[in-house]
Amino acid sequence: MAKQPGRILGMTNAQIGILAGLGFLALASLCVVGWLIFSNMSANAVPELPLTASSPVETSVLPAETPTPESSPTPAPTAFVAPAGWKEFSNSQVSLWLPENFAGGDMLSGRANTIAEVKALGQYFANIVTVMQSSGPTYSLWMVDKNMDNSIIISTVAVQYDPVGQEMALGEYIRLTLENSSVASITINEHKPMTILGYEARRLTYQYRMGTSESTNVAYTLKDGMNFWTVTYSLAPEEYPTLLPMIEQSIASLKFLAP
């Protein structure tokens with residue numbers, strides 16, 4: 001009889017490796033959000049965004065999917081037409097459009113130049129420069145709103161790529177990621193299934209709280225075979241109603257390039 005591979009707590013070494021990778025991805029994402037909350041801290045508290053969907057839930061529990069009303073068949077996607085004043089951020093993996101007030105971009109092959117561009121924006125962005133310098137290899141694109149205001153949250157957009165290397169359901173991937181997100185309190189407002197670029201996807205809108213400070217995140221996670229992509233828009237809660245149309249336009253521009 002062939003010797004069985006060793007198991008730890010009932011898991012194979014491959015499964016442990018996958019969970020470790022998911023833990024790293026979740027920790028990297030939370031480090032970014034944590035910085036967003038405490039960078040440029042001012043005396044003014046951020047207004048709390050009223051919950052738009054489900055009641056608060058524990059981070060380890062993925063809520064039921066937000067129901068989607070029945071409708072006629074979805075028409076074939078049309079080519080994205082960038083609004084006036086927008087620009088493209090891309091590398092050899094992926095492309096995404098955002099308003100021209102965003103800076104940064106390629107963290108894959110142009111990492112040093114991207115970090116230097118954000119650093120050149122000034123001391124207001126010093127903390128995010130530090131986080132970008134210490135970020136892991138899952139970050140493919142990273143953009144920062146270069147406009148300065150009185151908010152304690154700087155709007156950012158990050159595109160991450162996670163090659164899990166083993167078949168896993170999208171819901172399970174998200175659940176495991178949330179279970180590793182124990183650094184702060186997360187309240188999920190929306191969990192909506194959708195299709196993006198022909199891939200199975202989910203949109204999670206959630207409040208991230210640490211102490212008395214809070215940010216609103218809109219995260220799109222796509223399953224591409226054994227690989228997962230996550231595009232996260234992080235912003236101040238009071239800006240969510242205003243910036244949501246921009247977010248929906250931006251994610252419509254997402255394009256995968258060479259694998």
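Modeller: Two strands count as a pair if DSSP finds at least two bridges between them. Keep that in mind as we go through this predicted model.

Biologist: Happy to! What makes β8 and strand β9 a pair?

Modeller: β8 and β9 (residues 199-210) share eleven bridges, in the antiparallel sense. The requirement is at least two bridges, so β8 and β9 count as paired. For one example you can look up, I188 has Y206 in β9 as its bridge partner.

Biologist: Which sheet do these strands belong to, and in what order do its strands run?

Modeller: The sheet is an open one of seven strands, ordered β5-β6-β7-β11-β10-β9-β8, with antiparallel pairing.

Biologist: Why are β5 and β8 said to stand at the edges?

Modeller: β5 (102-106) and β8 (185-196) each have a single partner strand, so one side of each is left without a neighbour in the sheet. On average, neighbouring strands here are turned by 15 degrees against each other, direction ignored.

Biologist: What packs on this sheet?

Modeller: Helix α2 (residues 111-119) does, touching β5 and β6 (139-145), and its direction makes about 165 degrees with that of β5. Helix α4 (residues 170-179) packs on the sheet too, touching β7, β8, β9, β10 (213-224) and β11 (227-235); its direction makes about 15 degrees with that of β9.

Biologist: Why is S253 called buried?

Modeller: S253 has 6% relative accessibility, and buried means under 20%, so S253 counts as buried. The place of S253 is in the loop between α5 (240-251) and β12 (255-256).

Biologist: Which residues does S253 touch, leaving aside its neighbours within four places in sequence?

Modeller: S253 is in contact with F80, S95, L96 and W97. A polar atom of its side chain also lies 2.5 Å from the backbone oxygen of S250.

Biologist: How much of the whole protein counts as buried?

Modeller: Of its 259 residues, 47% count as buried. The protein has five helices and twelve strands.

How values were computed
Residues are numbered from 1 along each chain as its sequence is written. This is a predicted model: local features need pLDDT of at least 70, side-chain atom pairs count only at pLDDT 80 or more; totals for chains, interfaces and linings use all residues. Side-chain values use heavy atoms; hydrogens and water are left out. Helices (H or I, at least four residues) and strands (E, at least two) are DSSP runs, numbered from the N terminus. Buried means under 20% relative accessible area, exposed over 50%, partly exposed in between (1.4 Å probe, protein chains only). A polar contact is a pair of N or O atoms within 3.5 Å; within protein, one must be able to donate a hydrogen and the other to accept it, and residues adjacent in sequence count only if both atoms are side-chain atoms. Contact means heavy atoms within 4.5 Å. Axes are lines fitted to C-alpha atoms, for helices over the stretch in contact, and angles run from 0 to 180 degrees between N-to-C directions.
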